[in-house]
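Please find below a colleague's note for someone meeting this structure for the first time.

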Amino acid sequence: HDLNRGWSVRRVARTLDRPVSTEDRERADLVEALVPRLRGADNQTFVFDLHSTSSPSAPFLTLADTLDNRAYARLLGMPLVLGLEEQIDDAMLEYLGGFGPIALGVEAGQHDDPVSVDVHEAAIWMALVEAGCLARDTSLFDLAEAKRRIALARAGLPHVFEVVYRRCVEPGDGFTMDPGYHNFQRVSEGQRIAQTHEGPVLVPEDGWLFLPLYQELGDDAYFLVRPVRPVWLRISGVLRRLGTARILPLLPGVHRARERRDTYLVDRRIARCLVVQFFHLLGYRRVRGTPHVVVFRKQGSKD
């Protein structure tokens, strides 16, 4: 199974107690190597989860939308993609982020593209400098060249995107992407981009194609993203620093979960307007559940 999934607290505990598969044993090794260091750190720690994609792609970063993650990620010069954790379950970066580090997923480009190696290398050097581990005038590498590589690979994309749609691969549906698509390609409502046993797959709305699947393994057929205007990030930062989340229990249809103070239940039959957007501004993510009650959990907290 996918080693990057299955990182819920319950699954990890079961893995440590009774590993079954190769991936279970690898997950247990990672937990034993990383978690004690995250728990015992005296200073700010940083986690970088390095990835590549099956389609051609400009580099980008994925992250839980905390202010610390956001501020640090912007220093690395790659587009940020927010909201992916709402669409996929139990990723490793989300689990490790619950222990308090700055945690970023670094997607460097297509699997077999040599440029992806260059981008990962440049990103790691830049990350070390921005974390204060290396001086900016270090002789170990050329900081200006690292920034140039990333800027060239980025190809002028907007600074921030949010995920607005996911199309999953159903067992036995024969999903196959049409050839020639790439990450961050603009697509239009009704455009054919793939095929299943039941017929063509059409894009449900205008957007930017994200992570189209060009490999046999994987449950995510593709996503759609859209750019986020910088003004909303500024508003979000102001609201969070002012502690606006304190008013959430006062809103109609909003109730704090009894067992978790970082979690709210929202009755959509009462709270109908801009609920998801408002919780996103305050740093909460949506947990998929029942159609009438929506669960939001503070990002950066343990699952």
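1. Strand β6 and strand β8 (residues 192-196) pair in the antiparallel sense over two bridges, where two strands count as paired if DSSP finds at least two bridges between them, and strands (E, at least two residues) and helices (H or I, at least four) are DSSP runs numbered from the N terminus. Within this pairing, T176 has Q195 of β8 as its bridge partner.

2. This is a predicted model, in which local features need pLDDT of at least 70 and side-chain atom pairs count only at pLDDT 80 or more, while totals for chains, interfaces and linings use all residues. Residues are numbered from 1 along each chain as its sequence is written, and side-chain values use heavy atoms, with hydrogens and water left out.

3. The β6-β8 pair belongs to an open, antiparallel sheet of three strands in the order β6-β8-β9. Its edge strands, each pairing on one side only, are β6 (176-177) and β9 (199-202).

4. M177, which lies in strand β6, is buried at a relative accessible area of 6% (buried is under 20%, exposed over 50%, partly exposed in between, with a 1.4 Å probe and protein chains only). Leaving aside residues up to four places away in sequence, M177 touches I193, A194, L209, P212, L213, Y214 and A221, contact meaning heavy atoms within 4.5 Å.

5. A second open sheet has eight strands with mixed pairing, in the order β1-β4-β2-β3-β5-β11-β10-β7, and its edge strands are β1 (46-53) and β7 (185-187). Inside this sheet, strand β3 (residues 80-82) and strand β5 (residues 160-168) run parallel and are joined by three bridges, with L80 standing opposite V160 of β5.

6. Helix α5 (residues 114-130) packs against helix α6 (residues 143-154) at an angle of about 130°, with their axes 9 Å apart; axes are lines fitted to C-alpha atoms, for helices over the stretch in contact, and angles run from 0 to 180 degrees between N-to-C directions. The two helices are therefore oblique to each other, given that angles under 35 degrees count as roughly parallel, over 145 as roughly antiparallel, 65 to 115 as roughly perpendicular and the rest as oblique. Residues making the contact include M126 and V129 of α5 and I150 and A153 of α6.

7. On cysteines, the structure holds zero disulfides, a disulfide being a pair of cysteine sulfur atoms within 2.5 Å. C133 is exposed, at 55% relative accessible area, and C168 is partly exposed, at 24%.
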